[in-house]
Amino acid sequence: MIKGITIVRQTSTPAVFDKLASFFAALGLEKGKGWDEEQSRGRAFLAPLGNLEFVDGMPPSNADVFVEVTSLDSVHEIAERWLSQNWGDSTPHITATADTDWKSRLFTVEPVPGVAFSFWEWSEPLKGKPIALEGDLSAEGMRFAIIVARWNAVITDRLLQGALDCLYRSGAKKEDVQVIRVPGAWEIPSAARKVAETERVDAVITLGVLLRGETAHYEAIYNEVSRGIGQSQQDTGIPHAFGVLTCETLEQALDRAGLKAGNKGFEAASAAIEMVSLHRKIGAGV
Ligand code: DLZ
């Protein structure tokens, strides 16, 4: 019966609202459904797990939201960078990361003065529970190429918008995203490989639409496009996100390009970010 718990935080001023939304976006939290009405605005941030906890006998803390993370030091770094970009050297503060008496490490940050959040991770993450190595969803400091087919542009343009929306909202800089247009899906693998081989990008996002109704030898073309993209990924070692739709009809393609069934361009970009992060973690021996 119970579906979830939402912590609602009324902000004291619109400026504080904007600052808090910006801070949590910078940390890469997944955005939930927000709203902008005349009377009120809302920004929601999601986490894979949530719980309401009552405690007795813990040392007093000025934070009542505790966010569990997997790379506390990286989160601390991002928070520090955000503070210095948004406040310079003035008021808001951040504590150093310290051990707690409950087998974890924690720091507390005030993105705006008087509004505190604690971020923490288990000191021994493997103890007692299985942990998966996963990529994060922050695109800060990552470079991308998006290869987009012009064929069926009414759809591929929407996929492109979805992919850009995801990258920019996840912290990628405009100058770090290169959009490359190719005639049709058939040309995607060749452009993907060429750009991946330059090693000037951390991931390639491929976007196209193959419509069975319009495409002679549909299966043959699709197989070759997917094989080529996969092979470029294997040979170059650079993640290639697969955003080539294969649909029976235009209507089905539109649904997958933002109308009814999400936007596959957004999903492909999100997968690219996650894979770059994962590659970096594996490379760093995390
Ligand atoms: C030729 C063709 C056809 C029939 N259908 C599609 C399609 O549904 N989606 C797509 O992206 N491209 C199509 N193309 C174009 C080929 O991908 C390719 O661009 C041309 O054959 C030129 O090599």
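Predicted model: local features only at pLDDT ≥ 70, side-chain atom pairs only at ≥ 80, totals over all residues.

Residues are numbered from 1 along each chain as its sequence is written, and side-chain values use heavy atoms, with hydrogens and water left out.

Me: Which polar backbone atom is 2.7 Å from a nitrogen atom of the ligand?
Reply: Polar contacts are pairs of N or O atoms within 3.5 Å. The ligand nitrogen, at 2.7 Å, faces a polar backbone atom of Val209.

Me: How much of the ligand's area does the protein bury?
Reply: Accessible areas come from the Shrake-Rupley method with a 1.4 Å probe. Taken alone, the ligand exposes 480 Å². Of that area, the protein buries 74%.

Me: What is the bridge partner of Val209 in β12?
Reply: Strands are DSSP runs of E with at least two residues, numbered from the N terminus, and two strands pair if DSSP finds at least two bridges between them. Strands β11 (residues 203-211) and β12 run parallel and are joined by eight bridges. In β12, the partner of Val209 is Leu245.

Me: Is Leu52 buried or exposed?
Reply: Leu52 is found in the loop between β4 (45-46) and β5 (63-68). Buried means under 20% relative accessible area, exposed over 50%, and partly exposed in between (1.4 Å probe, protein chains only). Because its relative accessible area is 55%, Leu52 is exposed.

Methods
Helix = DSSP H or I, 4+ residues; strand = E, 2+ residues; numbered from the N terminus. Polar contact = N/O pair within 3.5 Å; in protein donor to acceptor, adjacent residues only side chain to side chain.
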